[in-house]
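Please work through the following exercises with the sequence and the structure side by side, trying each task before reading its solution.

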Amino acid sequence: MVISCKYADSVGGVTPHYHDCHQLLYIVEGKAKVSVGAEQTIAEGGTLVLISRFEEHAIDICSARYRRYVCRVAPENAVQSAENYRLLSVLFNRTAQFRHAVTVGDPAAFEEAFARMATEYAQGQPFSEEACDLLLQQLLIALYRQHPALFAANDASERAEIVRQIQCRFAENCKEKYSLSTLAAEYHLSPYYLAHVFKAITGYPLMVHLQSCRIAAAKKYLTETQMRIGEIVEACGFSDNSNFSRTFRRQTGLSPKAFRERYAR
């Protein structure tokens with residue numbers, strides 16, 4: 001689950017950017033203006049910020065002293081099992097009460113857990129990956145106990161499992177031509193009920209979530225491969241180049257070409 005966990009105490013401001021992973025940013029000391037999508041928050045020491053792979057974000061440091069940890073989580077692992085999903089879904093599902101930046105009730109305990117995770121990641125000892133994953137689970141359990149309203153999938157209900165399965169399908173294969181009606185029929189639900197349940201749990205309409213998965217996949221292809229735009233359009237399930245370019249610009253503010261030029265590795 002955990003891709004990396006790192007500590008820094010001399011970080012400059014970060015302009016709007018994205019990562020193809022979910023993130024937990026924990027501010028140990030200092031003050032920063034954190035922008036995630038359209039939401040802006042002044043975050044101080046003891047603040048945990050939750051960012052999904054779909055959300056562009058920026059950080060403007062507002063204090064001379066600033067210390068933080070960043071933990072990055074693989075998006076595919078978050079939906080692959082019901083056990084992981086109940087906790088990890090807080091990184092990408094959005095309840096009506098959700099907010100990106102939350103003040104934790106026991107800052108010292110959160111700092112210790114992040115510090116242990118960063119040490120495990122840096123040292124790379126046997127079973128470090130497993131240790132990092134366990135520490136992440138402990139952090140999210142502590143967060144749930146303090147802020148349960150942030151978690152949409154906080155039960156093991158049948159409807160939550162259906163939503164998880166659909167999210168997993170979108171993450172693994174966004175190329176397929178899905179529709180609300182065909183998915184509803186597969187799960188023996190009415191389209192209205194599936195649409196209602198999906199939005200209630202994730203915070204997004206079903207087809208909007210699918211579109212976000214397709215844009216996330218397109219970003220990955222644009223920055224990590226030399227695939228032509230037409231190939232990316234087909235691989236991500238868009239109907240044609242014009243539809244892809246229009247949707248991509250609307251979500252990112254950049255054309256696919258400009259995005260590749262800015263972020264290509």
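Contact means heavy atoms within 4.5 Å, and helices (H or I, at least four residues) and strands (E, at least two) are DSSP runs, numbered from the N terminus. The model is predicted, so that local features need pLDDT of at least 70 and side-chain atom pairs count only at pLDDT 80 or more, while totals for chains, interfaces and linings use all residues. Residues are numbered from 1 along each chain as its sequence is written, and side-chain values use heavy atoms, with hydrogens and water left out.

**Exercise 1.** Find which residues of α7 and α9 meet, and decide how the two helices are oriented to each other.

Solution. Begin with the residues: Gln211, Ser212, Ile215, Ala218, Lys219 and Leu222 in α7 meet Phe244, Thr247, Phe248, Arg250, Gln251 and Thr252 in α9. Sorted by class, this contact of α7 with α9 holds five nonpolar, five polar and two charged residues, where Ala, Val, Leu, Ile, Met, Phe, Trp, Tyr, Cys and Pro count as nonpolar, Asp, Glu, Lys and Arg as charged, and the others, Gly among them, as polar. Next take the axes, which are lines fitted to C-alpha atoms, for helices over the stretch in contact, with angles that run from 0 to 180 degrees between N-to-C directions. The axes of α7 and helix α9 (residues 241-252) come within 11 Å and cross at roughly 95 degrees. Angles under 35 degrees count as roughly parallel, over 145 as roughly antiparallel, 65 to 115 as roughly perpendicular and the rest as oblique. The helices α7 and α9 are therefore roughly perpendicular to each other.

**Exercise 2.** Describe how α4 packs on α7, giving the angle and the handedness of the crossing.

Solution. The axes of helix α4 (residues 158-172) and α7 come within 9 Å, with a crossing angle of roughly 30 degrees, which makes α4 roughly parallel to α7. The crossing of α4 and α7 is right-handed; a crossing is called left-handed if the near helix is turned anticlockwise from the far one by less than a right angle, and right-handed if clockwise. On the α4 side the contact is made by Ile166, Gln167 and Phe170, and on the α7 side by Leu206, His209, Leu210 and Cys213. These residues of the contact of α4 with α7 divide into five nonpolar, two polar and no charged.

**Exercise 3.** Identify which residues of the largest nonpolar core touch the most other members, and list the neighbours of Leu48.

Solution. A nonpolar core is a set of buried Ala, Val, Leu, Ile, Met, Phe, Trp, Tyr and Cys residues joined through side-chain atoms within 4.5 Å. Of the 68 residues in the largest nonpolar core, Leu24, Leu48 and Phe114 touch the most other members. Helix α7 (residues 206-224) gives the most to this core, with seven residues. Not counting residues up to four places away in sequence, Leu48 touches Leu24, Leu25, Tyr26, His100, Ala101, Val102, Val104, Phe110, Phe114 and Leu143. In soluble globular proteins, nonpolar side chains tend to be buried together.

**Exercise 4.** Is Glu44 buried, partly exposed or exposed, and which residues does it touch?

Solution. Glu44 is in strand β5, and with a relative accessible area of 42% it is partly exposed. Beyond residues up to four places away in sequence, Glu44 touches Ile27, Gly30 and Lys31.

Key:
Buried means under 20% relative accessible area, exposed over 50%, partly exposed in between (1.4 Å probe, protein chains only).
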